[in-house]
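Please keep the sequence and the model in view while working through the numbered points.

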Amino acid sequence: MADGTWRPYRVLLGSRLRSQTTYRRSFAMDLLGSLSVGALEFGEIYVIFTNVDVLGELDFAAAALLFALATICFSLADMVVGHADRLPTYLRQGTLDAFLLRPLPVLAQLITSDLSLRRLGRTAAGVAVLGVTLPHTGITWSVTTVVLLVLTIVAGTAIFAALFVCAAAIQFWLVEGAEFANAFTYGGSYAAQYPASIFALPVRVLFTFVVPAAFIAYLPTLALLDLPGPPGLPSWLGWCSPVMAVVMWAVALTGWRAGLRHYTGAGS
Amino acid sequence: MTDPIIDVRELHRRFTVRSPRGRFRRTRTVVEAVDGLTFQLPEGSALGYIGANGAGKSTTIKMITGILVPSSGTVRTCGLHPIRQRKQLARQIGVVFGQRTQLWWDLPLRESYRTLAAIHRLPQSVWTARRDELVDRLDLASFIDIPVRQLSLGQRIRGEIAAALLHSPPLLILDEPTIGLDVLSKERLRVFLTEQRAHHGTSLLLTTHDMDDVQRLTERIIVVDHGRMAYDGDLAGLVRRVGAERVLSLDLTTPAPPLAGIPGTDLVSVEADGLRQRLAFGDDTTATAVLEAIGRHVEVRDLTIEEPDIEEVVRRLYLSATGTGTGTGTGTGSE
C-alpha cells in the first residue's frame with residue numbers, strides 16, 4: 001500500500017537523478033561550485049571574527065555552529081524544493097499545464113520535478129564546519145542536546161522548504177517576481193547564518209516572525225549551548241522551530257492553493 | 001443511451017486584459033474568449049474544432065481538461081467536473097498540445113513512458129503491452145532510446161501521442177497535432193489515429209488548421225469565432241454553406257489559351273504563358289468531369305487539387321454569418 005502511494009514519486013525522482021549523472025563532468029563542476037559557495041560564506045564569518053571576539057554575544061565556535069546549522073538546513077531544502085523558483089519558466093513553457101493533466105497533486109509534481117544533488121556540495125561545507133566546530137563549543141552532550149540538534153536540522157530544513165513554496169506561490173501573481181521572492185528565501189538563508197541579535201529591531205522582527213530565520217538556527221543554537229541570549233528571551237524558544245515549521249507549511253500550502261486557483265482562473 | 005463524453009453548456013470565459021496607457025494609468029478591458037458555447041460530444045465520436053487564431057479554441061480545451069475554470073456555464077468531461085475531479089479526469093483523457101511538450105526533454109521516450117506509467121499507476125503487464133503496441137503502430141522503435149530534445153518534430157509528436165495514449169484513455173484531445181509536420185508524417189499520424197479509433201473506440205477532439213485533418217479524422221465540425229459557435233455540422237455542409245471551392249491546378253504539356261468556359265468551373269489564374277492554369281470548382285461538379293472536359297482541349301502533364309484553406313472557409317463563414325457579404329472582416333483575432 002505504502003509502496004503504491006509513493007511509487008510515482010520514486011520513479012519521477014529516479015529519472016531526475018539519472019539525467020543529472022548523465023553529464024558527469026558538468027555535475028562535478030556544479031558540486032564543486034556549490035561547495036565553494038558554502039566555503040566562501042564561512043570565510044565571511046571567519047573574517048569577521050579576526051576583527052571581533054564576540055558577535056551578537058556568540059563567540060567564534062558558537063557562531064560557526066550557527067552557520068553550520070543554517071547552511072545544512074538551507075542546502076537540504078534547496079536541494080529538495082529549491083527548483084520551485086523555476087515556476088515562472090514552467091508557466092511560460094506550459095509545464096504547469098502538463099502537471100495539471102496528470103493524476104498527481106501539482107505541488108508534489110513541482111517538488112519532484114528535480115532533485116539538485118549538486119547542492120549537496122554546500123551541505124558538505126556545512127557538515128564539515130559542524131564536525132570541526134562541535135568539540136570547541138563546549139556543548140554538554142546529553143540525550144536532550146542530541147534530540148535538539150536533530151530536531152533543529154529537520155525543522156530548519158522544513159522551514160526553508162516552506163519558504164521556497166511560499167516564494168513559488170507568490171510568482172503566480174508576479175510573473176517575473178523571482179527576484180522579489182528570492183529576497184525572502186536567500187535573504188532568509190543569509191539572516192539565518194548570523195545571530196539575530198546583531199540586526200536592527202525591524203530587521204529582527206522581519207526575520208523572526210515574517211521569515212522565521214531566527215528559529216532555524218539562532219534560537220536552537222542558544223538552547224544547545226545553554227546561552228542566555230538577549231535579555232528577556234525565554235530559553236524554551238529554542239525548542240519551537242518544529243512549531244514554526246508547521247505554521248510555515250500551513251501558510252505555504254494555503255498560499256500555494258490560492259496561487260494555483262489564481263492560475264486556473266478561479267480566483268480572479 | 002450513454003452520457004456524452006464532453007458536455008459543454010453555456011460556457012463563458014472572460015479575461016481581463018490590462019494595457020498601459022500613459023505613464024501610470026492602465027486600462028482594463030474584458031475580453032470574452034469563450035462566449036456562450038454549448039455542445040455535446042457523444043462517446044466514440046470525433047469532432048474537429050476549428051477557428052482562427054484567438055477564436056477561443058485553446059481556452060475551450062483548457063476548460064474541458066481542467067486547466068482553466070469557466071467564468072460561467074458548466075463543463076462535464078467523461079462525466080466528471082474537470083477542476084474538482086481533476087485527478088480522476090486525468091486518468092480518463094489524453095491530451096497533446098502540438099507546440100508544447102509534455103515529455104521530459106532530457107529523457108528518452110522509453111524512460112518517459114516508464115515514468116508516465118508509474119504516474120498513472122498502471123500495472124506492469126498492462127502498460128508494457130500497450131507501449132509495445134504504440135511503439136509498433138507509431139513506428140517509434142528506431143528512436144525510443146534517444147533523448148526527446150534530439151528528436152525531430154515529427155518524431156516528437158508521435159512520441160507525445162503515444163504518451164497521451166499510454167493509459168488507454170477513452171477521450172483523446174489533440175491541439176494542433178499536425179502543425180509543422182511534413183506530408184508523410186501527417187499521413188502516418190492520420191492512419192494511426194483512424195486505426196486507434198477503430199480498435200479502441202477512442203473519442204477524439206481535434207483542433208487544427210489543416211482541412212485534410214478534419215476531412216480524414218472527424219465526422220463533425222464546430223467552427224468558433226470570437227468565442228461563439230459559428231457552425232456545427234459536417235464538412236460537406238460547411239463547404240456548401242460557405243460555397244468554398246476546391247482549386248484544380250494543371251500543368252500542361254504545351255502553352256494553351258486560357259481554359260475559360262469549362263462547365264462548373266471558374267478560371268482562377270493563368271501562369272507561364274498558359275502552361276499552368278488554375279480552375280476553381282464547387283460541389284455541383286466532380287474533378288473527373290472537369291478533367292474530362294479539359295482533356296478535350298489540352299494535354300495535362302500533371303495536376304494537383306488544392307483543398308479550401310481552413311482560414312478561408314472560416315473567414316467566409318464569418319462574413320456570411322454577419323451578413324456583410326464582402327469586405328475585409330473585422331479582424332478575427334491575432335495574426
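1. In chain B, strand β10 (residues 246-252) pairs with β13(B) in the antiparallel sense over 6 bridges. Strands are DSSP runs of E of at least two residues, and helices are runs of H or I of at least four, numbered from the N terminus; two strands pair if DSSP finds at least two bridges between them. Within β13(B), B:V300 is the bridge partner of B:L252.

2. The model is predicted: local features need pLDDT of at least 70 and side-chain atom pairs count only at pLDDT 80 or more, while totals for chains, interfaces and linings use all residues. Residues are numbered from 1 along each chain as its sequence is written, and chains are lettered from A and ligands numbered from 1 in the order in which they are written.

3. A residue is buried if 20 or more other C-beta atoms, placed from the backbone, lie within 10 Å of its own.

4. In chain A, helix α9 (residues 178-192) has buried residues that include A:F184 and A:A192. The buried residues of α9(A) pack against α3 (60-81), α8 (143-170), α10 (201-210) and α11 (213-224) of chain A.

5. Between the chains, 19 residues of chain A are in contact with 24 residues of chain B, contact being C-beta atoms, placed from the backbone, within 7 Å. On the side of chain A that touches chain B, α1(A) gives the most, with 7 residues.

Terms used
Buried ≥ 20, exposed ≤ 12 C-beta atoms within 10 Å, placed from the backbone. Contact = placed C-beta atoms within 7 Å.
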